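I opened a notebook for a structure that is new to me. The entries below record what I looked up.

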Amino acid sequence: MADPEADTRPGAEGAAPFPSLEEMQHWTWVMGRAQQLMMEHVAKQWGEAAPAATGAAAMPRPGMGLFADPGRIAKAQVDMWTEGLAIWQRALGGDGAKSEIEEKADKDKRFSAPEWRQNPLFDMIRQSYVLISDHLLGSVEAIEGMDARDREKLRFATRSFVDAMSPSNFALTNPLVLEKTLETKGENLLKGLENMLRDIGKGQLTHTDPEAFEVGRNIAVTPGKVVKQTELYQLIQYAPTTKEVFETPLVIFPPWINRFYILDLNPKKSFIRWAVEQGLTVFMVSWKSADEGMADVTLDDYVAAQIDAVDTIRELLDVEAIHTVGYCVAGTTLAATLAFLEARGEADKVASATFLTAQVDFSEAGDLSLFLGDEQMQLIEQLSADKGYLDGRYMAATFNLLRGRDLIWSYVTNNYLMGEDYTPFDLLHWNSDTTNLPAKWHQAYLRDFYRENRLVLPGGVTVDGTPINIGKVKAPTYVQAGREDHIAPPESVWKITRHFQGPLRFVLAGSGHIAGVVNPPEAQKYQYWTNDEKADTLEAFIAGAKETRGSWWPDWIGWIESLSPDKAFAIGPREPGKGKLKALEDAPGGYVKAR
């Protein structure tokens, strides 16, 4: 291993061998050619995007007609070459002051190992890559005359390309891989090849040790019973841990694109266990992973299932109303359910609705909407045409692409190039535990909600033949958004406040789509923001918000208690299997384990 304290100046004792003149000439050509190839690639992308923005006739040269000022191109090229020469000058022992590019490279965790700086060649490679990347991404922002959606597509495509071309992803340009290869005499590459072939065989990238976790053994272990089973879901009731419980129970609707146990990963992280300990009678809906028999399942079926769960719990516990939680896409369908109940005059069945990183207005839905072009929609239809369901691995790959640097390329480096052992991580186990989706419903969801944003149109969506209007929803509502959420951006989640008519509390949590939700109080991580004053925009909400350190969960349980403070003894039907509904099997049930 290289000495991290070694003086790395050329000629200094302990420094890595400085490249010869021939080697530097060769690498000058390599980096120059790399810059040329990457610029040509982006120029081609601009050329393909330009007709949508300005019309093909407006472009005298591919990709260049989008610039209002052609001089900007020349300036960008001069700046890049000037900064590139500065990198060489520093490598040759010139000015020792750090440039902005070098500081950016130092902060990039892909190049955090000292080996990237100790050898002048690899130091030059990483800085050149950061330089080129900055210019490519900056050029996208500099394009004028482009539609905002087209710009977003080009920005995402360019960022994905830049991430894929990182020198950390290739054996010959990654000093850590080269060092590992020498140390192990190539065994790391053989092990990496085995890992890669195994992943190709199963059609999915492996993120964590597949043998480290088992549902019901060391994840999803909160005690409870399955008390009902239908063709679409199992209903789990969790065992009370307090002598008294809130009279109004809680039912959680998890995303039907994922397994429910993201809310029950382990006892320390489990929202379910924590809610039970607060004195709530908690029920969980566990959706069935789609099979051939679910080809014709639609929104009507999911709304009917949510109402069926509500009615089942009301009858079991002899209560008028229950609290509901909808996480992510299940929150979208919960909004439809609430609107349907309003239309049917049955809204009083729901005491409150909590939305966790859920969207109802998709006008600013984030990067996921970039995967909904005509070609992608046709591909989804083709992938599910024969089976009647979409293989969950397709959705997993899509979500991985949203964070390609973290969820794809870092694992390509570690698993395939370095040949490292997989690290046990329950969250990544859940992330890889895919769920199949009913084909007809999934396509309708993407088309009607994401593409056409019909849920916010009065009567734009019908349920069981009844036109619904989410603008009529009056249930007390708690809305949680994640500040760094890349799946349900906070700007999109905020839009719920423009549609619902009842009392509403909005909470902005630190972190993203998962960590922003799964943040137990004892962890003392992150923070959340609240604002009791009326705010018309998310920006105004943030400007006047109060920051509270730690988890938002205590704020939520306080809100629940303010709505329904009455208590009951945790006996009889409050214990799973002791009421009209007998226990069918232990939690977490069979549906969550089915492939």
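The notes go from confidence to cores, helices and backbone.

**Confidence.** I noted at the start that this is a predicted model. I looked up the pLDDT of the protein chain, and it averages 85, with 84% of the residues scoring at least 70.

**Cores.** I looked up the largest nonpolar core and found 127 residues in it. L263, W552 and W556 have the most contacts inside this core. Helix 10 (residues 299-317) gives the most to the core, with 10 residues. Another core, of 15 residues, lies apart from the largest one; I101, W116, L121 and L136 are among its members.

**Helix 8 and helix 14.** I checked how helix 8 (residues 187-202) packs with helix 14 (residues 404-417): the angle is about 120° and the axes are 6 Å apart. The two helices are therefore oblique to each other. From helix 8, the contact uses N188, L189, G192, L193, N195, M196 and D199, and from helix 14 it uses N415, Y416 and L417. By class I have five nonpolar, four polar and one charged residues in this contact.

**Helix 13.** Is helix 13 (residues 392-402) enclosed or open? Eight of its 11 residues are buried, so helix 13 is largely enclosed by the rest of the structure. I listed the buried ones as G392, Y394, M395, A396, T398, F399, N400 and L402.

**Backbone.** I kept a general point in mind here: most residues other than glycine have a negative phi, and most peptide bonds are trans. A220 has a positive phi, near 55°. I placed A220 in the loop between helix 8 and strand 1 (224-229), and A220 is buried, with a relative accessible area of 1%. D318, also not a glycine, has a positive phi of about 55°. I placed D318 in the loop between helix 10 and strand 6 (322-327), and D318 is exposed, with a relative accessible area of 71%. Last, I looked at the peptide bond from A587 to P588, which is cis, with omega near 10°. P588 sits in the segment after strand 17 (585-586).

Note on methods:
Residues numbered from 1 in each chain as written. Predicted model: local features only at pLDDT ≥ 70, side-chain atom pairs only at ≥ 80, totals over all residues. Heavy atoms only, no water. Axes fitted to C-alpha atoms, helices over the stretch in contact; angles between N-to-C directions. Helix = DSSP H or I, 4+ residues; strand = E, 2+ residues; numbered from the N terminus. Parallel < 35°, antiparallel > 145°, perpendicular 65-115°, else oblique. Contact = heavy atoms within 4.5 Å. Nonpolar A, V, L, I, M, F, W, Y, C, P; charged D, E, K, R; others polar. Core = buried A, V, L, I, M, F, W, Y, C linked by side-chain atoms within 4.5 Å. Buried < 20%, exposed > 50% of the residue type's maximum accessible area, 1.4 Å probe, protein only. pLDDT = per-residue confidence, 0-100.
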